[in-house]
Amino acid sequence: MKKAVHFGAGNIGRGFIGSLLYKSGYDIYFVDVFKELVDNINKFKSYNIFILGNDIKKEVVDGVKAIHIDDEENLLKAIADADVITTSVGVNNLYGIGEKLAYYLERRFEKNDLPLDIMACENALFATNILRDSIYKNSSETLKAYLDEKVGFPNTAVDRIVPNVDIEKETPIDVAVEEFFEWDIEKDAVKGDFDIKGCELVDDLEPYIERKLFLLNGSHATTAYLGYLKGYKYIHEAILDDTIDKIVRNLQLEASFGLNNKHKIEMDKLKEYSDKVIERFKNPHLKDEVVRVGRDPVRKLSNGDRLVSPAKLSFETGLMPENILYGIAAGFAFDYKDDPKAMEIQESINTLGLEETVKKVTGLDETILIDKIVKKYKELKSGKIK
């Protein structure tokens, strides 16, 4: 049986990546830092996935195992003959995972030189490149030669909403997911022989990554930040607000002009994708809290991520990204006290001022964009956006 090692046994790991690997016949080993989660996976050895569409359906993932990230002996055994290694740990954790993987891959190479594919399944542009670079940085010259020849590092674009919805669980590791999913994989970078059901191997991944990051993730964050400011608890409530709906749809249009100009994706195809995203947000079964979707604004407002990147692309195309800038401004106004990163931004605003904080977090140097973000922030804080 084919073997998969997946770093990150959270909701995305279990409800999306683990689900497709299981359906594809892989023996799955989850790796995680939380002992209780690892213990529960090893105790129950299976979990239910509740699919939240028009009706609620249930699927079972069976025969899974888990390893604590500090369990060197068992982690080495799992990686030694794995066919594929995947992650869903958050992009900021990839550097540490890469350092660990370099050590384990060195030990693996001492035992065999079988082909292997390593994929980072994160909400970020070319996340696998980040993981790959961290592995190479911590590798010997001998290991680098093996990696060059036998290890593939395909970038991926992953898309499935996995909310922290309150469901009646049969086990503590059950998870709820939306019905829609998409997993695109960079075909030419694959070195091994894998067939993951439900994924698509594509020639050029960048259009898929940016389409998803801008039109889904950027819209999702903007809906969350505006929804938070207007007092909504859930995404499906916020997107039904006429003002938020209008800003989000116009944000998608601005980003689409940039995508059309850069990747030559047809505007009607981008409109179709954008409309589907809005309908997904309206799913009342997800009960996706705006504070969950908006969490960690430091990352989500950074240069190259879901809002600043499409804003720059739109601006470079010749279109002022007015609505994308509303999303960015709303992110700076996201002052949810239980989010340390949100509080980090608020503290920076208090000490450095808004303009300097915008520059620091976004990395923008276009004065006109920075000035507009500051102006829109003040409009939002004064309640002018009704």
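C199 is buried, at a relative accessible area of 19%; here buried means under 20% relative accessible area, exposed over 50%, and partly exposed in between, with a 1.4 Å probe and protein chains only. C121 is buried too, with a relative accessible area of 3%. The closest cysteine sulfur to that of C199 lies in C121, 9.7 Å away, which is too far for a bond. With a disulfide taken as a pair of cysteine sulfur atoms within 2.5 Å, the count comes to zero disulfides.

A word on the ground rules: this is a predicted model, where local features need pLDDT of at least 70 and side-chain atom pairs count only at pLDDT 80 or more, while totals for chains, interfaces and linings use all residues. Residues are numbered from 1 along each chain as its sequence is written, and side-chain values use heavy atoms, with hydrogens and water left out.

## The chain as a whole

The protein chain has 17 helices and 12 strands. These are DSSP runs numbered from the N terminus: H or I over at least four residues for helices, E over at least two for strands. Along the principal axes, the C-alpha atoms fill a box of roughly 65 × 50 × 45 Å. A compact globule of 386 residues would have a radius of gyration near 21 Å, and the 21 Å of the protein chain agrees; the radius is taken over C-alpha atoms, and the globule rule is 2.2 Å times the number of residues to the power 0.38.

Of the 386 residues, 54% count as buried. Taking contact as heavy atoms within 4.5 Å, residues 24 or more positions apart account for 73% of the contacts with a separation of 6 or more.

## Two nonpolar cores

A nonpolar core is a set of buried Ala, Val, Leu, Ile, Met, Phe, Trp, Tyr and Cys residues joined through side-chain atoms within 4.5 Å. The largest one has 60 residues, and I328, F332 and I373 have the most contacts inside it. Helix 7 (residues 206–229) gives the most to this core, with eight residues. Beyond its neighbours within four places in sequence, F332 is in contact with residues including L301, I345, I349, V361, I373 and Y377. Another core lies apart from it, with 31 residues, among them Y47, I51, W183 and I196.

## An open sheet and a buried arginine

Three strands form an open sheet in the order 4-3-10, with mixed pairing; two strands pair if DSSP finds at least two bridges between them. Strand 4 (56–62) and strand 10 (175–178) are at the edges with a single partner strand each, so one side of each has no neighbour in the sheet. Strand 3 (residues 46–52) pairs with strand 10 in the parallel sense over four bridges, and I51 has V177 of strand 10 as its bridge partner.

R160 sits in the loop between strand 9 (156–159) and strand 10. R160 is buried, with a relative accessible area of 10%. Leaving out neighbours within four places in sequence, the contacts of R160 include I51, V177, E178, E179 and R280.

## An enclosed strand

Five of the five residues of strand 7 (residues 116–120) are buried, so this strand is largely enclosed by the rest of the structure. L116, I118 and A120 point one way from strand 7, while D117 and M119 point the other way. Strand 6 (residues 84–87) runs parallel to strand 7 and is joined to it by four bridges, with I85 opposite I118.
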